[in-house]
Every structure is written in C-alpha cells, then in structure tokens.
Amino acid sequence: MKKRFRFSAAAFLLVSFLLVCAAMAQAVVTGRINFQGRLSDDSGIPVPDGDYQMTFFIYSSSTGGSPIWSETQNVATTDGIYSVVLGLINELDPYDITGDRYLGVKVESDSEMSPRQLLTAVPFALKAADSEALSGQSATDFASAVHGHSFAEITGTVTDVQVPDNITINNADMLDNKDSTDFANAAHGHVAGDITGTLNDTQIPATIARDSEVMPLVLDNDGPGTGLNADLLDGLSSGAFLSSSSDYGRSGVAPDLYEGSSTLTSKYVNVTGDSMTGGLEIDTGGTDVRGVDANAFGDGAIGIKSMASGDNANGIQVMTFANSIGQDQPRGVDVYAYGSSGYGGYFHAQGSGATGIYAFGTEYAAKFNGKVAIQDDGTTVMELGAGLDYAEGFDVSDMAKPTPGSVLIIDPENPGKLTVSTTAYDTKVAGIVAGANNLGSGVRLGGNQFDNDVALAGRVFCNVDATNAAIRTGDLLTTSDLPGYAMKAGDYACAQGAILGKAMQGLEKGEKGQILVLVTLQ
C-alpha cells in the first residue's frame, strides 16, 4: 500500500529545534530534535497501528541534490500518529542548519514524499544567530586581552618607563652599521691561492716549503730560498707515479694501459682467451680498501662498463668477506651515479637463461637507495620509489587528461579503461590519479605503457568537495556530483560498494581542495 506523510505537527518540530539552537550560546547540547507526524494511506485513512521503517533527510534545496543528513528508524504509530527524536542514530550538526533547509521523509520501500518541507524559525529564535556576536561582530574581530606588538607596529614616541629592562636596544656597538663579525681578526692568514701580485724572499717565512718549478712565478729571483723543495716534478712528488716494475696484480692488461698516468683514464681492456681469463683482476686486503674505485662525471657518464659473452660468462664477479676484526657488513658492489639521467646500477641481460642481477645474502640479497625500475625490452613493468601508494597504469577515455588527485571510475563503454567520476555514490569507483601534491608512488606497475598511474591502495592526495558537509578525519568518502571529486558518505545505504577510502585530513564545510586519503575501495 502506498503511504503519504503529512506535517500535521510541524509547529512542534520547529519550535523544539530552534530552542536547541538558541541554547547553544549558553551550553553544549546534543544534536537531536523532536518530531511528530501523521501517517495515512492514499485515502487519508490512518495506517494500522504498528512499527514502520521511516527514513528522514535534510537537504539544502527543495528538489534534487544529495542530503546533508539522514537516518532510518523503526517508528511506532497509534491511529496514524507517531513521535520520534531525530538524531538518536546520527546526531545532527547544528552548523549544518544554516540557510534554507528542507525536510524529506521516506516510508518503507516507497519513494521519498514530495514536496519537501521548508524548515522555518520562530520569532525569538532569529536572535539566536547573533548570540555570540557583539554589535554583529564575532570574537575573532577583536584583539585578545593579553597580546603584543612588533616594533614596526609602534608609532609615536616611547619613553624609558615604557621599555622593559629585558629589551635589548640594537646598534649600540655597530661600526658603519656593521657588526664586528663582518671584519677579519687582527691576526689571520691566507692560503696561497688568495695571494695576488709579486712576493720577494723577505715576505716568505723560512717555514714555508717552496716548489722549484713554481717559485719563479711568485719570486723576484730564482734564488735557492730556505726550505726549497727541489725533489718535485711538475709539482708532484715521486709517490704520485707508478714504479717501472709495478704490476699491481694486472692480468691480461696491455703495458700501455698505464702510460702517462697513475690512474686508468679513458682506457679499455679487451681480453680474449680460454676459460677463466681475467680482463682486470685486482686483489686487495686491509681495512676500508677498494678493489676498484671508479668515478664518472657528466651526462651519460659510465663508471664501469663490462660486457661478457659465452656460456657461464661473468661481466663482473665480486666477492667480499668479513675479516677477523669484526667487519660484518661487506659490500659486493657499491654504485653511485650523479648527473642528468644517471643510473646507480643499470643491468642488461640478453640470451637464454641470462640474468641482469644475481644477488645472494643472509640479510639483504640486494639493497637499493633511490628509485628502482624493472624493464622488459625498454618497457617499465614495475617501479619502486619513495612514495606511499600502490599504483597501476590505466588508459582514460576522457579527451582531456585528468589531473593528479582526480577520482576515476570504471568506464562501462570502454572495457579495461577508466573515466572521470560524475555521479554521487557511484559503485563503479576505481581509484585516484596518483602524483598530487608531488607525492609519488611506492609501487608503480606498467609505468610508461598507459595514460595515468592510478592509486588503488595506500596514501594519496585526492580532490574533495565539502560544499554540503564538512569532512573530518576518519570519514568515509565516496564519489560526488562534481566531476573528479570525492565527498563525505552521509547515506550509508547508498554508499555500499561506492566507498573510495577514508579521510586522513579534514576540510571545512563549503570548501573544495585536496586532502590526504587512505585508499580502501569497498
């Protein structure tokens, strides 16, 4: 049987509600109001006595839109008359009752009754809106009884009695408006690079060692000078050069590899031969030693590049062991990269059974600092970063690419693709476009194959609309009528299957913006 609701006791409802609002200026009150009504059938005959499931809504408009508040109760009737306390299940927020508000009622499985009823005020309740104001101004328009001012805000003349003893008056010990720290101490020194002009022997202390190749440039004459260092070649001591008989454990290295330099600069080692032939074999021992220390600078620079071909070939084989003095964190390979588009480690394997990285360890098989990307034939299949969400790549059907933070839903017209959400409580909700507020993803799958990275779990910044209801930390969020935006889920019945996640930050009513959201699709 279709039922009809009449506001036969509307005056009682409004008086009770506005008395609660007026009392807010003097005491904290609960968000509950009394309400009475009469329930009848299409002919105006009261429904039989019994319990009926009724849902009550409050809206900001007379038609359409989403409810600001709602709750469902089992209501008992006698001769069609019933009385309920609204807010027993879902307390009303008094700050939601501002501006025009409309009451809607739904009985059992019937549609919501029409028209909605406008909530109005009794005369004396109109003054309640000004109960916390002074001549129409709020408390925030006035200064606190205890407050201070910066010196820039002070006008007029200040007397000695007005300046406390603990106030320091500046500029009393300044010279040309400069502090003593702006000048050099009377006794100070300079490095050789700071000296300009020509020096003579009397200006150089005997304790300074002079270079026989450099001194003619800074002295008036080429005299021997006290402390003259004649045992240098182009300013370098003998320790900077290799001995003519030095080998350093080289294996398969051409003799001209070290020509003119003590380091391996711009040289390549090409080795052919039988099994176990080493291109460069270096054995080291001791504390903090390095078998190979390679530094490369500049765009596209490579510290070490090694290519090996053939069965069981090893491009680089590194073995490290903890020594007897307790060094328990040896590193097989320690790789750093600097410059544009640098890679800390770039491993390429080609051929049947080839492996880019093979690592074995009791605690960390491989430990990475920074972003790690796994590619297959140039396509990124997985990327690990320092972000906080799990994201997968998706193509988006919309003509314009959605901005980071936008809410997306499954596109029913294009299988496998997503599109921007446009409807409240949409059960097709899929996730949030990752990357808002410069927060990257922790795990990223299919990075460069799709239009967008979409966060499916974890923490990510999301577009939210608090126009109709404020958002508090912990509120469940769902899609809204504003394209690409989420809102607070106020109707839990409608929210089933349409939950996007939980708010980890709040947003005041009437505002739109981005907040941190814990993505928990359900």
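Helices (H or I, at least four residues) and strands (E, at least two) are DSSP runs, numbered from the N terminus, and two strands pair if DSSP finds at least two bridges between them. The model is predicted: local features need pLDDT of at least 70, side-chain atom pairs count only at pLDDT 80 or more, and totals for chains, interfaces and linings use all residues. Residues are numbered from 1 along each chain as its sequence is written, and side-chain values use heavy atoms, with hydrogens and water left out.

**Strand pairing**

- Strands E3 (residues 50-59) and E6 (residues 102-107) run antiparallel and are joined by six bridges; Phe57 has Gly104 as its bridge partner in E6.
- An open, antiparallel sheet of four strands has the order E4-E3-E6-E7.
- E4 (69-77) and E7 (117-118) stand at the edges of this sheet, each with a single partner strand, so one side of each has no neighbour in the sheet.
- Strand E21 (residues 512-519) is joined to E17 (residues 452-465) by eight bridges in the antiparallel sense, and Val460 is partnered there with Val517.
- E20 (residues 499-503) also pairs antiparallel with E21, over three bridges.

**Salt bridges**

- The whole structure contains seven salt bridges (a side-chain nitrogen of Lys or Arg within 4 Å of a carboxyl oxygen of Asp or Glu).
- Among them, Asp96 and Lys509 meet at 3.2 Å, N to O.
- Asp96 lies in the loop between E5 (81-86) and E6 and Lys509 in the loop between E20 and E21, so the pair ties together parts 413 residues apart in sequence.
- Lys509, at 26%, is partly exposed.

Notes: Buried < 20%, exposed > 50% of the residue type's maximum accessible area, 1.4 Å probe, protein only.
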